[in-house]
Amino acid sequence: MDKIVILTGAGVSAESGLGTFRDAGGVWTQYDLEEVATPEGFAKNPGLVHDFYNARRENCKNKAPNAAHDALARLEREFTGDLMLVTQNVDDLHERAGCQNVVHMHGELMRARCALCDHRYDAPLVMGVADPCPACERGPTRPDIVWFGEMPFFMDDIYVALSAADLFVSIGTSGSVYPAAGFVQIADAAGADTLELNLEPSLGISDFAQARQGPATQIVPEWVA
Ligand code: BV8
């Protein structure tokens with residue numbers, strides 16, 4: 001086995017105290033996704049969207065990586081084959097656990113970009129509507145996040161890796177959001193073995209050859225060992 005693709009979702013950060021999206025009390029039960037995670041929502045009320053991401057940046061700032069993040073960072077260090085770690089998460093806990101090459105297909109909470117010149121930069125903890133782009137000084141700035149209806153990042157690289165994978169592992173995701181939820185079918189069709197590690201069976205459980213249920217801080221280190 002020398003080519004592994006791993007996909008993570010909010011469940012890998014749950015035990016670090018970051019909310020998931022669709023579990024009881026999850027982010028999308030508290031906020032209307034259409035208002036705070038779509039380009040239309042940003043166009044209609046950019047202040048509300050900045051408040052939403054400012055609150056999540058503040059919440060993420062004092063959270064720590066957990067044993068699942070640590071195990072994946074160890075795997076990245078020790079695995080001698082090709083490993084691609086793709087995350088749907090916008091938090092930076094994989095990086096803070098020591099991962100060097102994280103593919104943030106939905107963008108990054110700690111990054112911002114200019115809606116006019118596309119300049120990307122480290123987001124201030126608190127972003128506001130009036131913040132000018134540090135490069136062109138004209139564009140409205142936005143969180144460097146992929147909203148619903150927007151093209152996720154790095155899709156070509158991800159599809160190439162899935163088509164060549166020997167093993168695809170999905171960790172801590174409900175399988176609710178596409179195109180990520182379709183990755184297992186692409187990997188399976190390419191002949192890869194497939195494994196789901198999740199607290200409970202995801203919506204895509206029937207597409208996986210193997211599955212283990214349990215908290216990520218337990219089942220991910222067990223799998224990496
Ligand atoms: C796209 C950033 C075209 C935001 C996110 C109409 C118009 C356009 C598109 C669509 C449309 N209708 C449907 C679509 C597709 C849409 C989509 O899938 N919608 C869903 C709601 C039906 N997708 C898109 O719009 C995407 N773009 O389609 O462009 C295209 C198509 C193909 C190829 C290229 C382009 C863009 C989607 C990206 C949206 N942005 N994130 C932000 O974070 O603020 S996605 C959003 O859901 C979240 O951010 C999260 O990243 C993602 C997935 O959620 P999960 O990570 O799975 O979290 P969830 O809470 O759901 O599940 C947690 C899981 O963890 C659970 O299973 C739970 O059991 C488990 N768990 C909990 N605790 C633990 C645990 N597991 C282990 N241990 C624990 N302790």
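Domain bounds here come from an automatic or database domain assignment. With that in mind, select the two parts of the chain: domain 1 is 1-18 + 65-105 + 153-225, and domain 2 is 19-62 + 107-145. Their C-alpha centres lie 25 Å apart.

A quick note before you go on. This is a predicted model, in which local features need pLDDT of at least 70 and side-chain atom pairs count only at pLDDT 80 or more, while totals for chains, interfaces and linings use all residues. Residues are numbered from 1 along each chain as its sequence is written, and side-chain values use heavy atoms, with hydrogens and water left out.

Now colour by pLDDT, the predictor's confidence in each residue, from 0 to 100. The chain has a mean of 95, and 100% of its residues reach 70 or more. For the complex, the predictor gives an ipTM of 0.93 and a pTM of 0.95.

**Stop one: where the domains meet**

Contact means heavy atoms within 4.5 Å. By that rule, 18 residues of domain 1 touch 17 residues of domain 2. The buried area (accessible area, 1.4 Å probe, that two parts lose on being put together, summed over both) is about 1,200 Å², with 59% from carbon and sulfur atoms. Next, pick L18, V90 and F153: they supply 47% of what domain 1 buries against domain 2, more than any other three residues.

How many residue pairs are in polar contact between the domains? There are three, both residues at pLDDT 80 or more. (A polar contact is a pair of N or O atoms within 3.5 Å; within protein, one must be able to donate a hydrogen and the other to accept it, and residues adjacent in sequence count only if both atoms are side-chain atoms.)

**Stop two: the ligand**

You get 36 residues, and F21, R22, R56, T173 and S174 come nearest. Zoom in on S174: a side-chain N or O atom is 2.6 Å from a ligand oxygen. Then try the backbone: an N or O atom of A10 sits 2.8 Å from a ligand oxygen, and one of G172 sits 3.3 Å from a ligand oxygen.

Note on methods. Near = heavy atom within 4 Å.
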